[in-house]
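Dear colleague,

Please find below the structure that I promised to hand over. My notes on what was found in it follow directly after.

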Amino acid sequence: MSFCRCAWIISYIYIEKYSRHTNKSLSLDHEKFQTDLRDCDVYDKLPEHLRIKYYELCCSQNKLLHQYLKGKENSIYVARLIAGVTAISYSIRSNNLCTPFDRFREWDRQLEGFMHLGMKVSFIRERLHRLTRLVDDPN
């Protein structure tokens with residue numbers, strides 16, 4: 001069995017375990033997701049753990065976040081945008097109230113840029129804005 005096939009099986013098992021663990025059904029077809037990343041020539045440019053996290057992020061919205069991205073012909077550009085969105089999303093999820101306020105502004109600025117480029121990340125910005133209000137409000 002090839003390494004790629006083993007990695008795909010491991011990621012599929014992880015995704016199945018994730019969906020059972022969170023009681024969420026991952027409604028975005030995994031095959032469609034992989035095919036779309038391959039069509040953009042991004043699949044091999046993203047590490048496996050990042051593809052899994054990005055798939056979970058797309059599933060949370062039931063859509064491909066990069067679907068309307070401008071400049072899809074540049075695969076390195078698309079891979080970096082996907083990596084950036086995924087990293088910010090998971091940083092927001094794992095932050096605490098001690099996270100510097102400047103970091104929130106930087107994440108918001110980056111997410112706004114991703115939105116202008118065609119990434120569907122408004123839901124991440126909304127969560128960030130809610131978190132910013134919590135941190136900013138002393139009561």
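A salt bridge is taken here as a side-chain nitrogen of Lys or Arg within 4 Å of a carboxyl oxygen of Asp or Glu. Please note that this is a predicted model, in which local features need pLDDT of at least 70 and side-chain atom pairs count only at pLDDT 80 or more, while totals for chains, interfaces and linings use all residues. Residues are numbered from 1 along each chain as its sequence is written, and side-chain values use heavy atoms, with hydrogens and water left out.

Salt bridges

By the rule above, the count comes to five salt bridges. One of them joins Glu-106 to Arg-109, with the closest N and O atoms 2.4 Å apart. Both residues lie in helix H5, three residues apart, about one turn of the helix (helices are DSSP runs of H or I with at least four residues, numbered from the N terminus). Glu-106 is partly exposed, with a relative accessible area of 31% (buried means under 20%, exposed over 50%, and partly exposed in between, with a 1.4 Å probe and protein chains only).

Helix H5 (residues 101-116) also holds Arg-105 and Asp-102, which are three residues apart and so separated by about one helical turn. Their side chains meet in a salt bridge of 2.2 Å, N to O. Arg-105 is partly exposed at 49%, whereas Asp-102 counts as exposed at 51%.

A further salt bridge links Asp-41 and Lys-45, with 3.5 Å between the closest N and O atoms. Asp-41 is partly exposed at 45%, and Lys-45 is partly exposed at 37%.

Buried residues

Leu-57 lies in helix H3 (residues 48-61) and is buried, with a relative accessible area of 1%. Leaving aside neighbours within four places in sequence, Leu-57 is in contact with several residues, among them Leu-65, Val-85, Phe-123 and Ile-124 (contact means heavy atoms within 4.5 Å). Thr-86 is another of these contacts; Leu-57 and Thr-86 are 29 residues apart in sequence and 7.5 Å apart in space, C-alpha to C-alpha.

Asp-36, found in helix H2 (residues 30-39), is also buried, with a relative accessible area of 16%. Not counting residues up to four places away in sequence, Asp-36 touches Leu-64 and His-66.

Arg-130

Arg-130 lies in helix H6. This residue is partly exposed, with a relative accessible area of 45%.

Yours sincerely

Key:
Helix = DSSP H or I, 4+ residues; strand = E, 2+ residues; numbered from the N terminus.
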